[in-house]
Amino acid sequence: MIVDENSNPFELGCATEVFGLRRPELGRHRDLYDFSLCSPEPRTPMRDGFFALTGVAGLEAADTADTLIVPNRPDVEVPRRPAVLDAVRRAHARGARLIGFCSGAFTLAEAGVLDGRRATAHWQWADDFRARFPSVRLEPDVLFVDDGDILTAAGSAAALDLGLHVVRRDHGAEIANAVSRRLVFAAHRDGGQRQFVEHPMPELRDESLAPVLAWARERLDAPLAVADLAARAAVSPATLHRRFQAQLGTTPLAWLTGERLTLACRLIERGESRFEVVARRSGLGTAAHLRMLMRREIGITPSEYRHRFGPPPALR
């Protein structure tokens, strides 16, 4: 991880926590990564002069990294150091994986490695980012974007989401879940989940959907329909639709499908290799329907998902 002048301590802490700690509770997996920091200067003042970082490697250490986390900082309008941008370009040219947390997307874009690529950044800077880097395919309303060898996270807390996603990619779902438990953090928030924005949440009062949602989650394998949810909530289907739109911003059917897909993914992560069983237990019916929905909503097939996030073959 490159740390530069005015870098944010929070993202530094996220990277250190996810990639830098030994994990004796994982047995032979206790050293997940060989993690180190480097900086273009011997003394690096962190954001707003809170503290200074010393005693880390020079920028030349970035030239041997398989994965390089680039600097991020709040002053996005200030150009990055040429030496840092050159290190990012060299890493990209030799095939290293690049990660940008929060405003780290600006570093990647300044280096020119995001041209024509997908990326995200904090919603607060979306307009500025688009104006400065029109060739980047910005997705401003998601938590993180995995574009293969370049990954970007939207905001500070999303750095943890992206970090755990990288662990899932590299070591599988079980190891990532163990790391998330150590962090006391959600094991998996999909990158496509929307960022939190400034719209006020509606007051739920006695019209809260929470009871019917909890009831439905316990019965996802049953042939639930919108009429069943409406009956449980003691309202008409039309009223239920209005409440879903007001409180969740979606329809009852879309919510039900999303919950079933989430359950299907968890079953695959836990080692269920029979996709007919996954489809039946998650209420999606058939393996063909499961395959169609996963390709449409997640972008990969059940087999690809199992390869990326399921347990190692020996443990299935």
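Reply: The lining of the second largest pocket consists of 11 nonpolar, three polar and three charged residues (Ala, Val, Leu, Ile, Met, Phe, Trp, Tyr, Cys and Pro count as nonpolar, Asp, Glu, Lys and Arg as charged, and the others, Gly among them, as polar). The model is predicted, so to speak of local features requires pLDDT of at least 70 and side-chain atom pairs pLDDT 80 or more, while totals for chains, interfaces and linings use all residues. Residues are numbered from 1 along each chain as its sequence is written, and side-chain values use heavy atoms, without hydrogens and water.

The volume of this second largest pocket is about 400 Å³ (the space filled by probe spheres set on grid points joined across faces, edges and corners). Of its 17 lining residues, Asp34, Phe35, Ala65, Asp66 and Thr67 are the closest to the centre; a pocket is an open set of points on a 1 Å grid where a 1.4 Å probe fits, with protein on both sides within 12 Å along at least five of seven lines, and lining residues have an atom within 4 Å of a point. Strand β5 (residues 67-69) contributes the most to this lining, with three residues (strands are DSSP runs of E, at least two residues, and helices of H or I, at least four, numbered from the N terminus).

Turning to the helices, the axes of α5 (residues 158-171) and α13 (residues 302-309) come within 6 Å and cross at roughly 95° (axes are lines fitted to C-alpha atoms over the stretch in contact, with angles from 0 to 180 degrees between N-to-C directions). The two helices are therefore roughly perpendicular (65 to 115 degrees; under 35 is roughly parallel, over 145 roughly antiparallel, the rest oblique). His165, Arg168 and Arg169 of α5 meet Tyr305, Arg308 and Phe309 of α13, contact meaning heavy atoms within 4.5 Å.
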